[in-house]
Protein chains: 2
Amino acid sequence: MPTAKAEQAARTRQKVLLAAAEVFDETGYEKASVSQIVQRAGLTLGALYFHFGSKQGLAEALMNAQPTTIEPHLTSTGLQRLVDITLVWADRMKRDPVLRAGVRLATEQGSHGMNDATSFEDWRKLMRGHLDVARSSGEIRDGVDTDQLARFVVGACTGMQLYSHLATRRADLMERVCDMWDLLLPSVASPAVLQAIHVGPTRVPAR
Amino acid sequence: MPTAKAEQAARTRQKVLLAAAEVFDETGYEKASVSQIVQRAGLTLGALYFHFGSKQGLAEALMNAQPTTIEPHLTSTGLQRLVDITLVWADRMKRDPVLRAGVRLATEQGSHGMNDATSFEDWRKLMRGHLDVARSSGEIRDGVDTDQLARFVVGACTGMQLYSHLATRRADLMERVCDMWDLLLPSVASPAVLQAIHVGPTRVPAR
């Protein structure tokens, strides 16, 4: 059972993370300042450094927090769950600052001297796990490599997001994710499952 | 017929562009300085400002120069040409600084306050043109929207490049592009054409 002190520390950590997400999402890594972040969180610089060590430590925590903002919303399994993850992600990108900051930081990290594929690899492993469940249930066509497919979906979602952000400020991101599945599913889903998979914004659970 | 003066101006422009590509590719937009660029080009600041107006003007020219570094290498048509464009792109990303800088600048532009989808839209239109040729030759399955497919390929290539760069410094980019076609072609190529399309590094013309 967590002590009152541990609960307080977890709340403080979360406050810093949320304030940092908002600032990074709005201004990008370079222009964000730690003093601006602690001011928004209503905390001290000490709290930020205690929990995250540095501005870069905060950025890493945000990049790697992405899956935890998606998975709790879902109950489906196998291939449908993989589809649902990408649909909920497209929906949450509209308004979840932790997710938006994580994606922005991961995409632009080269410009501030970082070179960390961890968030991409975490997504790939998570997706691959669901695809392996799908394979064992006979949902995946013979010849499709689940690791290759998981890696492709991670890369494709990253690039679609970037393009959608530049072209429409992400207004068409959900539509683009649906396009991806329209194009991929006939190649990867076994014929029996293809008709049963649902793709569309109605798959996103109400908040 | 271009005058000697016009030829000289074109050569100067090209020198500035190449030097800028090398510097942007190595250091990113923020850290690159115009004085470093003109020093590498062996030219004056005046030449840079005359041809490109500003550092941002240079970045825009590089982002939008991408297709011109790929298309001259190709003679194929239709769906095979679309495949070939992506394979030559994966190969040239290893060593063409103009292409590398263009992709890096387009990807990281948010971090330096730019928001320009032009390079993405240019690629989409170019790819869509080849897909429309493929459609009129009966190479594309019924129900596949060529604009949707072109847009998806642009987004997917962008994201695969970013992931490959972070995970392997682009050592596996060619393999990732081949994965994409393995996954997409069964859905988009008409059955008669599917067996005839070649995917692999052997499609890249020798220099």
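Across the interface of chain A and chain B, the rule finds zero salt bridges (a side-chain nitrogen of Lys or Arg within 4 Å of a carboxyl oxygen of Asp or Glu). Polar contacts are there, though: 13 residue pairs, both at pLDDT 80 or more (N or O atoms within 3.5 Å, one able to donate a hydrogen and the other to accept it; residues adjacent in sequence count only if both atoms are side-chain atoms). This is a predicted model, in which local features need pLDDT of at least 70 and side-chain atom pairs count only at pLDDT 80 or more, while totals for chains, interfaces and linings use all residues. Residues are numbered from 1 along each chain, chains are lettered from A, and side-chain values use heavy atoms, without hydrogens or water.

**How the copies relate**
- Chain A can be laid on chain B with an RMSD of 0.0 Å by a turn of 180° and a shift of 0.0 Å along the axis, superposing by least squares the C-alpha atoms of residues with pLDDT of at least 70 in both.
- That is the relation of a two-fold axis.
- The same surface serves both copies, as 100% of the contact residues of chain A recur in chain B.

**What is buried**
- The two chains bury about 3,500 Å² between them, 65% of it on carbon and sulfur atoms (accessible area lost on being put together, 1.4 Å probe, summed over both).
- Tyr163(A), Leu166(A) and Leu183(A) lose the most area in chain A to chain B, together 23% of what that side buries.

**Who touches whom**
- 40 residues of chain A are in contact with 40 residues of chain B (heavy atoms within 4.5 Å).
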